[in-house]
Amino acid sequence: MLSEKRKAYMKEYRKKNREQISKYQRDWNDKNNEKMKLYHRKYRKDNRDKTISSVRKYQKDNPDKIKAQRKAHNLLPILSGKLCERCNKRKAVDRHHEDYNNPLEVMFVCVKCHKEIHLEKRLNSGREQKEKQ
Ligand SMILES: [Zn+2]
Ligand SMILES: [Zn+2]
């Protein structure tokens, strides 16, 4: 049998402990919230930097492409109702350059065909490279 004194002590002990635990949890939450905030902030910042630098890198690596695209965009508007020159079914929304040295020689194509053209080009150049080796 616990004495009344002991019971009171245990009660007090649990109460204190509970307070300590909840205080600990509160601190932890505060700290963690702060950490998560910092983490997200850093993530956003890193990602923005990455996106910007990858765009810059792309522009630096493909100056002809960018120039050709810009020139075609300014000088060769895609007429509304124009159909894709490849499939003749869907609306033309993109300009495809066979050769970026001839910026005004473009094919008006739909997104799907444009993707396919580039996929085919990639596959072909891959094959050529393999044949050369
Ligand atoms: Zn098409
Ligand atoms: Zn293209």
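**Figure 1. The order of the elements along the protein.** From the N terminus on, the elements run α-α-β-β-α. That order is made up of 3 helices and 2 strands, where helices (H or I, at least four residues) and strands (E, at least two) are DSSP runs, numbered from the N terminus. This is a predicted model, in which local features need pLDDT of at least 70 and side-chain atom pairs count only at pLDDT 80 or more, while totals for chains, interfaces and linings use all residues. Residues are numbered from 1 along each chain as its sequence is written, and chains are lettered from A and ligands numbered from 1 in the order in which they are written.

**Figure 2. Confidence, element by element.** The pLDDT, the predictor's confidence in each residue from 0 to 100, averages 89 over the protein. A score of at least 70 is reached by 94% of the residues. Among the elements, strand E2 (residues 106-109) has the highest mean pLDDT, 97, and helix H3 (residues 111-132) the lowest, 84.

**Figure 3. Two domains.** Here you can find domain 1 (1-61) and domain 2 (63-132), with bounds that come from an automatic or database domain assignment. Their C-alpha centres lie 51 Å apart.

Figure 4. How many of the 133 residues count as buried? The share is 8%, a buried residue being one with 20 or more other C-beta atoms within 10 Å of its own, C-beta atoms being placed from the backbone. Two residues are in contact if their C-beta atoms, placed from the backbone, lie within 7 Å. Among contacts with a separation of 6 or more, 37% join residues 24 or more positions apart.

Notes
Buried ≥ 20, exposed ≤ 12 C-beta atoms within 10 Å, placed from the backbone.
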